[in-house]
Amino acid sequence: MISRVSTMTKKRIDIRKNDKVMVIAGREKGKIGTVLKLIPRKDRAVVEKLNMVKRHTRAGGKSAQGGIIEKESPIHVSNLMLVCGKCAEPARVGKKVLEDGSKVRFCKKCGEIMDK
Ligand SMILES: [Zn+2]
């Protein structure tokens, strides 16, 4: 199956689980973390140790103790950028098809393939 290359300039970010990403906007700007979970429906990703929010838990019910827990809050993917392992900095990512037909993402700067 051949898919036509889109000429649209709409920014679509292809972030996957376990990717290393940098936050490029907001409170956590400049921080790097690993993607733990994706929420495609909302275009958001949960990134390890980033965008932590405090949640109050109430005593009673299942937990015996109430208190405050910190939890990662999902970050919108437009605020994230993939980090190239070789350049060790946020990279512009391209896509190409390998000889075996698999589609991979690569760093436009150094050519490093990001899908292993
Ligand atoms: Zn690179």
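Residues are numbered from 1 along each chain as its sequence is written, and side-chain values use heavy atoms, with hydrogens and water left out. Because the model is predicted, local features need pLDDT of at least 70 and side-chain atom pairs count only at pLDDT 80 or more, while totals for chains, interfaces and linings use all residues.

The protein chain has an average pLDDT (the predictor's confidence in each residue, from 0 to 100) of 87, and 84% of the residues score at least 70. Strands are DSSP runs of E with at least two residues, numbered from the N terminus. Confidence is highest in strand 2 (residues 32–39), with a mean of 97, and lowest in strand 4 (residues 52–57), with a mean of 89.

The zinc ion has four protein donors (N, O and S atoms within 2.8 Å of the metal, or 3.2 Å for Na, K and Ca). These are the SG atoms of C84, C87, C107 and C110, at 2.2 to 2.4 Å from the ion. The angles between the four donor atoms run from 106 to 112°, so the arrangement is tetrahedral; for four donors this term requires all angles to lie between 85 and 135 degrees. Along the chain the donors follow the spacing C-x2-C-x19-C-x2-C. Since C84 belongs to strand 7 (residues 80–84) and C107 to strand 10 (residues 103–107), the pair ties together parts that are 23 residues apart in sequence. Both C84 and C107 are buried, that is, under 20% relative accessible area with a 1.4 Å probe and protein chains only.

C84 is also one of the residues lining the second largest pocket, together with D19, K20, L82, V83, G85, K86, E112, I113, M114 and K116. A pocket is an open set of points on a 1 Å grid over the protein atoms alone, with protein on both sides within 12 Å along at least five of seven lines; lining residues have an atom within 4 Å of a point. The space in this pocket is about 170 Å³, a volume filled by probe spheres set on the points. Strand 7 gives the largest share of the lining, three residues.

Most residues other than glycine have a negative phi. N18, in the segment before strand 1 (20–23), has a positive phi near 75°. N18 is exposed (over 50%), with a relative accessible area of 59%. D43, in the loop between strand 2 and strand 3 (44–47), has a positive phi of about 55°.

Definitions and conventions
Four donors count as tetrahedral if all angles lie between 85 and 135 degrees; four count as square planar and six as octahedral if opposite donors are over 155 degrees apart and all others between 65 and 115; anything else is irregular. Helices (H or I, at least four residues) and strands (E, at least two) are DSSP runs, numbered from the N terminus. On a 1 Å grid over the protein atoms alone, a cavity is a set of points where a 1.4 Å probe fits but cannot get out, and a pocket is an open set with protein on both sides within 12 Å along at least five of seven lines; lining residues have an atom within 4 Å of a point.
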